[in-house]
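Subject: Structure handover

Hello,

Here is the structure we spoke about, with notes on what turned up in it. Please read the notes alongside the sequence and the coordinates.

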Amino acid sequence: MAKIFQVSARAGMTRVVEPVARGLLKAGVTPNTVTVAGTVGVLVGALGFGARGHLVTGALIVTVFALTDLLDGTMARMSGGSTRFGAFLDSSMDRVADSAVFGAVAYWLATQGDYPSVAAALLCLAVGGLVSYVKARAEGLGMTCNVGIAERTERLLIVGVGGLLTGLGVDRALPIALWLLAAVSVFTVGQRMVHVHRQARQLEPGGQR
Ligand SMILES: CCCCCCCC/C=C\CCCCCCCC(=O)OC[C@H](COP(=O)(O)O[C@@H]1[C@H](O)[C@H](OP(=O)(O)O)[C@@H](O)[C@H](O)[C@H]1O)OC(=O)CCCCCCC/C=C\CCCCCCCC
Ligand SMILES: Nc1ccn([C@@H]2O[C@H](COP(=O)(O)O)[C@@H](O)[C@H]2O)c(=O)n1
Ligand SMILES: [Mg+2]
Ligand SMILES: [Mg+2]
């Protein structure tokens with residue numbers, strides 16, 4: 001379901017992303033520059049605006065720059081191929097951006113004295129990182145791990161909708177979104193563990209352990 005959403009959302013964005021990618025390449029911009037610039041933009045939106053309580057502005061800036069994550073890969077493919085360093089940089093910058101988003105949310109909630117919600121934001125930060133780590137480790141061991149109900153896009157959308165609604169006056173939206181996200185992130189770690197366990201059993205000499 002999450003995969004279907006991602007694939008169709010991505011297909012819908014292609015018409016916008018491809019001409020922009022072509023234009024940037026023509027202007028001499030490299031995919032790695034877009035990867036880093038997108039991350040800097042997310043940092044500004046999250047830490048410069050979200051953490052200070054400007055949730056709507058913060059969420060909008062983060063959304064615009066998070067979407068540039070679709071551009072860098074498209075540019076790499078158009079300019080004759082992806083690079084190993086580009087893939088490494090893209091995934092590493094995603095972790096920096098995600099940490100800034102959840103760190104900013106936790107900081108703002110602490111300034112409001114809402115410590116249970118700070119705990120939820122920190123849980124999202126830690127477990128979200130674990131979701132990505134499990135996949136990176138599995139891929140490093142030669143397996144695949146493209147499963148889970150709360151991959152990065154879903155995690156950003158949940159916190160984004162919560163942040164936007166709270167910024168518009170629905171006070172409990174962000175705390176509810178964070179607890180929901182913590183739960184689906186834990187579930188996703190479980191899904192990825194099971195998926196890797198099944199593959200690993202097939203790959204062990206003699207199978208089934
Ligand atoms: C303002 C909030 C209101 C909500 C309105 C939302 C409007 C957004 C408009 C449209 C949404 C379109 C969604 C686009 C769908 C893209 C589908 C897709 O394929 O995404 C994946 C893609 C590429 O990922 P990568 O391959 O580059 O990255 C991988 C990923 O990091 C993996 O992580 P894992 O899943 O394992 O955890 C890694 O394992 C892997 O290594 C790595 O390669 O791109 C994205 O991830 C792009 C995400 C863009 C989604 C933007 C939505 C942002 C919405 C709200 C954010 C606001 C946050 C607000 C914070 C509050 C302020 C304090
Ligand atoms: N600077 C970059 C960024 C990405 N890539 C390649 O694209 C893949 C990710 O594509 P997205 O459209 O999801 O960003 C990534 O795994 C790399 O193969 C790149 O080469 N250089
Ligand atoms: Mg990308
Ligand atoms: Mg990325």
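In the class counts below, Ala, Val, Leu, Ile, Met, Phe, Trp, Tyr, Cys and Pro are taken as nonpolar, Asp, Glu, Lys and Arg as charged, and the others, Gly among them, as polar. On that basis the shell around ligand 2 holds five nonpolar, seven polar and three charged residues. Please keep in mind that this is a predicted model.

Ligand 2

The shell around ligand 2 has 15 residues, and Gly73, Ala76, Ser82, Gly86 and Ala87 are the closest. Two or more residues come from each of α2, α4 and α5. The largest share is that of α4, which gives six residues.

Ligand 1

Ligand 1 is surrounded by 35 residues, with Gly50, Ser91, Glu151, Gly160 and Gly163 the closest. At least two residues of this shell come from each of α1 (2–26), α3 (55–66), α4 (69–78), α5 (84–111), α6 (115–140) and α7 (152–167). Which helix gives the most to the shell around ligand 1? It is α7, with nine residues. By class, the shell around ligand 1 divides into 19 nonpolar, nine polar and seven charged residues.

The α2 and α4 pair

Two packed helices are described by the angle between their axes and the distance between the axes. For helix α2 (residues 31–49) and α4, the axes come within 8 Å and cross at roughly 175 degrees. An angle over 145 degrees counts as roughly antiparallel, and α2 and α4 are therefore roughly antiparallel to each other. On the α2 side the contact is made by Pro31, Val34, Thr35 and Gly38, and on the α4 side by Asp69, Leu71, Asp72, Met75 and Ala76. The residues of this contact of α2 with α4 comprise five nonpolar, two polar and two charged.

Nonpolar cores

The largest nonpolar core has 39 residues, and Val101, Val105, Ala121, Cys124 and Leu178 have the most contacts inside it. Two or more of the residues in this core come from each of α2, α3, α5, α6, α7 and α8 (173–203). Of these helices, α5 gives the most, with ten residues. What does cysteine 124 touch, leaving aside its neighbours within four places in sequence? Cysteine 124 is in contact with Phe102, Leu178, Leu181, Ala182 and Ser185. Another core, of seven residues, lies apart from the largest one and includes Val34, Leu70, Leu71 and Met75. Val34, Leu71 and Met75 are also among the residues where α2 and α4 meet.

Two single residues

Methionine 13 lies in helix α1. Is methionine 13 buried or partly exposed? Methionine 13 has 14 C-beta neighbours inside 10 Å and so counts as partly exposed, since a buried residue needs 20 or more and an exposed one has 12 or fewer. From methionine 13 to leucine 70 there are 57 residues in sequence and 8.5 Å in space, C-alpha to C-alpha.

Valine 56 is in helix α3. With 15 C-beta neighbours inside 10 Å, valine 56 is also partly exposed. Leaving aside its neighbours within four places in sequence, valine 56 is in contact with Leu164, Gly167 and Leu168. Valine 56 and threonine 30 are 26 residues apart in sequence, and their C-alpha atoms are 30 Å apart in space.

Regards

Note on methods:
Residues are numbered from 1 along each chain as its sequence is written. Chains are lettered from A and ligands numbered from 1 in the order in which they are written. This is a predicted model: local features need pLDDT of at least 70, side-chain atom pairs count only at pLDDT 80 or more; totals for chains, interfaces and linings use all residues. A residue is near a molecule or strand if its C-beta atom, placed from the backbone, lies within 6 Å of it. Helices (H or I, at least four residues) and strands (E, at least two) are DSSP runs, numbered from the N terminus. Axes are lines fitted to C-alpha atoms, for helices over the stretch in contact, and angles run from 0 to 180 degrees between N-to-C directions. Angles under 35 degrees count as roughly parallel, over 145 as roughly antiparallel, 65 to 115 as roughly perpendicular and the rest as oblique. Two residues are in contact if their C-beta atoms, placed from the backbone, lie within 7 Å. A nonpolar core is a set of buried Ala, Val, Leu, Ile, Met, Phe, Trp, Tyr and Cys residues joined through C-beta atoms within 7 Å.
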